[in-house]
Amino acid sequence: MAQLYIKANELEEKDTVKVFNERGKEVYYTKDDFIATGHRIKIYMADTITEVAYVQEKYDGDIVRFEFCARDKFGTIERDFFTLAQNYNIDFDEDWEIVGDAFMWQYVVKSGSLDVMKVRNEQYLIPGQALNLTPTYIMEFMSDSDVLIGLAFALAVYALNKYSY
């Protein structure tokens, strides 16, 4: 089981952040692409210029959706405006659904009855980082193969909640 950490205050201020593993080592970083049409967050391997995943805003009439992609996996997510509850329409081969409060980063991603990843927001000291507790987004992945697409998905959920009007 793998874990990734993002300092919440850095993500809220800008879409350019460092992503750390459970040992406090930077494994990915993100950059907001201002040139792209709509919001686009590119995900890179740490200490390289190799883009490994992205999140891209897409418009279809009045519907705003975010596309998330990592390696050979691709999907989209949009808010379901026909219900009052916090529901999302996810178009992804692995049939994912969100259970919990995605706006507050307190949710579980499920595929059928199996947990794919758990996401939470709490005060946490990232190992190897500054000696202060900081609000941190913590992502736990049940399978190492879901780490990169799970990170892209979590950032797509974040972007959808932040940029959908």
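**Reading the sheet, its helix and its salt bridges**

Colleague: Which strands does helix α2 lie across?

Modeller: Helix α2 (residues 147–163) lies across β1 (2–7), β2 (18–21), β3 (26–32), β4 (40–45), β5, β6, β7 (73–79), β8, β9, β10 (106–111), β11 (114–124) and β12 (134–141). Helix α2 runs at about 160° to β6. Helices (H or I, at least four residues) and strands (E, at least two) are DSSP runs numbered from the N terminus. Contact means heavy atoms within 4.5 Å. Axes are lines fitted to C-alpha atoms, for helices over the stretch in contact, with angles from 0 to 180 degrees between N-to-C directions.

Colleague: What should I know about the model itself?

Modeller: This is a predicted model, where local features need pLDDT of at least 70 and side-chain atom pairs count only at pLDDT 80 or more, while totals for chains, interfaces and linings use all residues. Residues are numbered from 1 along each chain as its sequence is written, and side-chain values use heavy atoms, with hydrogens and water left out.

Colleague: In what order do the twelve strands stand in the open sheet?

Modeller: Two strands pair if DSSP finds at least two bridges between them. Here the order is β8-β7-β6-β5-β4-β3-β2-β1-β12-β11-β10-β9, with antiparallel pairing. The edges are β8 (88–92) and β9 (96–101). Each has a single partner strand, so one side of each lacks a neighbour in the sheet. Neighbouring strands are turned by 20° against each other on average, direction ignored.

Colleague: Over how many bridges do β5 and β6 pair?

Modeller: Eight. Strand β5 covers residues 51–60 and strand β6 residues 63–70, paired in the antiparallel sense.

Colleague: How many salt bridges does the structure hold?

Modeller: Side chains of opposite charge can pair when their charged atoms come close. The cut-off puts a side-chain nitrogen of Lys or Arg within 4 Å of a carboxyl oxygen of Asp or Glu. This structure holds eight. In one of them, E78 meets R65 at 2.5 Å, N to O. E78 lies in strand β7 and R65 in strand β6, so the pair ties together parts that are 13 residues apart in sequence. K73, E94 and D146 are linked in a salt-bridge network.

Colleague: Is E78 buried or exposed?

Modeller: Buried means under 20% relative accessible area, exposed over 50%, partly exposed in between (1.4 Å probe, protein chains only). At 13%, E78 counts as buried.

Colleague: Which residue forms a salt bridge with R23?

Modeller: E22, with the closest N and O atoms 4.0 Å apart. R23 is exposed at 60%, whereas E22 is partly exposed at 34%. E122 and R120 also form a salt bridge, at 2.9 Å between the closest N and O atoms. E122 is partly exposed at 30%, and R120 is partly exposed at 24%.
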